[in-house]
Amino acid sequence: MTPRSAIPGADDITRVELANGIVVLARENPNSKAVTLRGSILAGGLLDPDDKLGLADFTASMLMRGTAARDFQTIYDSLESIGASFGFNSGTHTTGFGGRSLAEDFGLLLQLGREALLSPAFPPEHVEKVRAQLLTGLSLRAQDTRDMASLLFDEMVYRHHPYARADEGHPHTISAITREDLVNFHGSNFGPRGMLIVVVGGIPAAAAVEQVRAAFEDWHNPQQPAPVQLPAWQPLPARGYRRLDIAGKSQSDVIVGTGGPLRRAPDYMAASLGNNILGRFGLMGRVGDSVREKAGLAYYAYSSLGGGLGPDPWLVAAGVNPANEEKATELIFKEIERFTTELVSEEELSDSKSNYIGSMPLSLESNGGVADALMSMERFQLGLDYYRKFPDEVNAVTRQQVLEAAAQYLKPDQMAVAVAGPPRTEAA
Amino acid sequence: MQLTQYTLPNGLKVLLKEIHTAPLISHWLWVRAGSRDEGPGLSGISHWVEHMQFKGTPQFPAGELDKTISRDGGFWNAMTYIDWTAYYETMPSEKIDLALRLEADRFINSQFDPKEVESERTVIMSERQGNENSPMFLLDEDVQQAAFDKHPYKHEVIGHMADLKTITRDDLFNHYKHFYVPGNAVLAIAGDFDTQRMLARVEELYASVPSGQAPTRVAQDEPAPEEERRVVTQGPGETVFVKAAYRSLRATDPDFFALTVADSLLAGPSNLNLFSGGISNKTSRLYRRLVEKDLAVGVSGGLQATIDPYLYDITITVHPNSSAEAAVAALDDEIKRLQDTPPKIEELLRAVKQAKALFAYGSESITNQAFWMGFAEVFDRYAWFENYLERLAAVTPADVQRAAQLYLRPERRVLGVYQPDGSPEAE
């Protein structure tokens with residue numbers, strides 16, 4: 001009954017490289033009346049000076065605040081009056097953008113994207129409005145045990161590495177950023193080289209590509225710098241522990257982990273299937289079973305594997321009563337020790353594999369899901385048939401490979417333990 | 001994509017919709033049991049029962065349920081709200097029988113092993129402590145508490161800590177047996193299947209479930225408050241939040257759609273999708289008045305479809321250089337403007353176009369479509385959802401003005417302020 005493959009592949013994805021370097025990927029979804037647009041440009045937090053950390057993020061937040069052609073209210077009036085959305089977000093390596101609309105309104109989405117990327121106006125009064133919003137966000141972050149444990153974790157694991165820095169900055173660095181900094185950051189770093197644009201939805205792929213070409217092929221920026229090369233990263237020489245007190249809270253967040261494999265690493269899939277066994281499969285894998293189900297210590301306890309362009313974290317996180325921090329940490333280390341010294345069982349690996357293969361079509365159900373998949377295929381150079389070949393890649397992984405990947409990255413004596421929660425005396 | 005509706009002799013309502021765009025099926029079982037059904041001392045019990053439904057039956061022992069679904073590449077979860085508890089699985093089409101068997105089984109055969117009850121008690125207490133870390137949870141809880149005198153809507157779905165400490169295994173089991181009966185449940189399935197065969201399978205699995213007694217309910221109609229109530233929540237942090245919660249309307253009230261449009265104009269369109277994001281609200285009246293004028297850094301509205309009149313709330317994140325008082329004064333001005341002058345027809349047309357776009361986005365996901373089917377059936381009928389756009393389009397400017405005059409009066413609201421400890425702006 002399914003009219004065509006639900007899984008995208010080389011035969012139904014159109015990939016075109018424009019003359020100015022932009023890579024465009026498009027896939028039609030004839031069942032949808034809507035279109036999703038996603039993309040990224042090569043400018044992120046890595047380019048921020050230390051004393052103006054958060055500059056890339058601040059710049060991204062300003063792009064929709066007014067352009068040469070439209071002011072803030074006109075931009076959002078155009079979008080919201082047709083039920084469309086469009087926005088930017090900033091990451092460590094890239095600034096992302098995305099939006100969606102009814103298929104008939106796709107042209108407007110592209111036009112707004114072009115204006116925001118090429119000719120943002122950085123209106124002074126909006127610089128201050130956005131600054132106030134960012135500072136409020138940071139003061140809420142300072143109260144969030146999960147966010148603060150994560151910041152602490154990054155500082156510990158990535159000392160001497162740019163991943164130690166918080167992309168959204170700190171109150172003093174956001175306060176130090178001027179309008180001129182924003183204008184210059186955009187002027188020097190935003191350009192078409194390394195840019196990706198993905199279109200998925202109720203519009204023929206060829207037509208989508210031509211519309212993108214018309215909107216963006218004339219964009220050039222000779223100032224655009226070469227992509228940032230990450231320095232080498234070294235794990236901690238010994239296990240580290242830090243704890244941050246946040247008064248007035250009820251629960252502590254605990255993060256245990258270190259740096260993991262690159263997405264392109266040959267052992268990534270083995271690590272990923274292993275991570276599924278460690279802290280995801282079913283109700284959060286072995287970690288969930290031990291910390292939540294058996295010990296009843298936490299509402300959430302899971303593991304996570306980053307797998308990006310750099311040594312993103314491989315970690316276990318749990319939210320626990322402050323009195324149970326040590327107990328939960330001990331149980332987490334016990335699971336990590338077992339995971340890095342013993343083979344996973346045949347059954348666990350086979351379960352993890354069938355979970356990956358079976359759930360793949362589900363992740364590709366919506367236009368947004370397919371657009372995300374196309375973005376990763378291009379960013380990590382996985383090939384247009386990646387999702388068609390995915391079951392073979394998954395099935396090829398052995399128990400030995402899982403153990404090797406686990407032992408390679410997760411060294412219990414070189415891990416960071418970061419905790420944020422109420423002062424221990426207050427909780428007692 | 002015709003919808004088939006059928007009621008089994010034991011009372012179970014079944015809704016089936018074939019969608020053949022992807023090899024997936026989404027299966028939802030809804031039970032009309034939520035915090036609305038919790039008497040004194042038992043707050044949080046519906047949510048706890050939901051947790052216990054993952055703890056095993058003789059056929060699917062604890063720890064096996066989740067593995068069995070995950071092994072087949074499905075995803076599943078459950079959620080408890082003020083009016084209902086819902087369990088869902090979305091799976092590759094050929095594997096859906098597992099979800100059917102599993103839900104039919106735990107609908108009547110869950111064990112509520114005392115050891116599992118105790119282990120889950122601490123898990124739920126931990127869930128609540130995680131919520132307590134958030135200033136918004138603390139404010140919400142106080143506002144809800146003040147908004148109702150007796151109606152169980154007055155407590156949070158997670159329940160009071162005191163009740164989480166004292167609820168017993170028998171309390172949980174009795175709640176389960178009382179509410180988990182076919183006439184109090186809705187089964188909604190959407191996706192890549194054949195309706196006749198699916199219906200036959202549903203009948204086979206549920207035919208033997210006894211119809212049981214219709215559950216008795218503790219909730220009773222409670223009139224809207226007659227004067228404004230104010231609460232101040234103190235807690236850590238630097239940010240001031242305001243929550244204005246007006247006594248709302250039941251989803252079946254003829255004025256519900258006029259209030260929906262009023263919300264859309266004031267705070268931006270509500271998103272009925274559970275699995276697809278909404279759109280921004282930067283051209284809404286309150287955003288323009290509060291955020292653009294530096295009184296707030298964010299504002300949002302929340303109107304929900306509920307069985308009894310619940311709360312329509314407007315949440316304001318106050319600008320660091322402003323105050324709760326200034327933000328509330330501007331909010332009141334904007335509401336008064338809507339009460340004094342009917343909106344332009346263009347504003348109404350826009351609200352309808354926004355709703356249409358949100359529907360198109362929501363239709364991409366089979367899981368979301370199955371969600372819609374059961375959700376509407378819990379508080380009304382599926383027709384509520386099918387007619388949603390039409391009823392929205394029928395609302396006139398005068399209807400919106402009247403809804404604002406009737407339902408957005410200060411005396412119908414609780415005004416809550418989250419005041420960070422030690423802030424000089426404390427009231």
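Predicted model: local features only at pLDDT ≥ 70, side-chain atom pairs only at ≥ 80, totals over all residues.
**Figure 1. Overall build of chain B.** Chain B contains 16 helices and 11 strands. Its radius of gyration is 22 Å, close to the 22 Å that the globule rule gives for 427 residues, and chain B is therefore as compact as a globular protein of that length. Taken along the principal axes, the box filled by the C-alpha atoms of chain B is roughly 60 × 50 × 35 Å. Of the 427 residues in this chain, 53% count as buried. When contacts in chain B between residues at least 6 apart in sequence are considered, 81% of them join residues that are at least 24 apart.

**Figure 2. The side of chain B that touches chain A.** In this view, 54 residues of chain B are in contact with 56 residues of chain A. The elements of chain B that give two or more residues to this side are α2 (64-71), β5 (85-92), α4 (114-132) and α12 (345-362). The largest share, 9 residues, comes from α4(B). Sorted by class, the side of chain B that touches chain A has 17 nonpolar, 22 polar and 15 charged residues.

**Figure 3. Helices α3 and α8 of chain B.** Helix α3 (residues 96-109) and helix α8 (residues 195-206) of chain B have axes that come within 10 Å and cross at roughly 30°. Because angles under 35 degrees count as roughly parallel, α3(B) and α8(B) are roughly parallel to each other. Their crossing is right-handed. On the side of α3(B), the residues Leu100(B), Arg101(B) and Ala104(B) meet Arg201(B), Val202(B), Leu205(B) and Tyr206(B), which belong to α8(B). By class, this contact of α3(B) with α8(B) has 5 nonpolar, no polar and 2 charged residues.

**Figure 4. Helices α11 and α16 of chain B.** The axes of helix α11 (residues 324-340) and helix α16 (residues 397-407) of chain B come within 7 Å, and they cross at roughly 130°. The two helices α11(B) and α16(B) are therefore oblique to each other, and α11(B) passes α16(B) in a left-handed crossing. Here Ile335(B), Leu338(B) and Gln339(B) of α11(B) meet Gln401(B), Ala404(B) and Gln405(B) of α16(B). The contact of α11(B) with α16(B) has 3 nonpolar, 3 polar and no charged residues.

**Figure 5. Ala394(B) in a loop.** Ala394(B) lies in the loop between α15 (388-393) and α16 of chain B. With 12 C-beta neighbours inside 10 Å, Ala394(B) counts as exposed, because the cut-off for an exposed residue is 12 or fewer. Along the chain, Ala394(B) and Arg409(B) are 15 residues apart, and their C-alpha atoms are separated by 24 Å.

**Figure 6. Helices α9 and α15 of chain A.** Helix α9 (residues 268-279) and helix α15 (residues 399-409) of chain A pack at an angle of about 90°, and their axes are 8 Å apart. That angle makes α9(A) roughly perpendicular to α15(A). From α9(A), the residues Ala270(A), Ala271(A), Leu273(A) and Gly274(A) meet Gln401(A), Val402(A), Ala405(A), Ala406(A) and Tyr409(A) in α15(A). The residues of the contact of α9(A) with α15(A) divide into 7 nonpolar, 2 polar and no charged.

Methods
Residues numbered from 1 in each chain as written. Chains lettered and ligands numbered in written order. Axes fitted to C-alpha atoms, helices over the stretch in contact; angles between N-to-C directions. Helix = DSSP H or I, 4+ residues; strand = E, 2+ residues; numbered from the N terminus. Parallel < 35°, antiparallel > 145°, perpendicular 65-115°, else oblique. Contact = placed C-beta atoms within 7 Å. Nonpolar A, V, L, I, M, F, W, Y, C, P; charged D, E, K, R; others polar. Rg over C-alpha atoms; globule rule 2.2 N^0.38 Å. Buried ≥ 20, exposed ≤ 12 C-beta atoms within 10 Å, placed from the backbone. Left-handed = near helix turned anticlockwise from the far one by under 90°.
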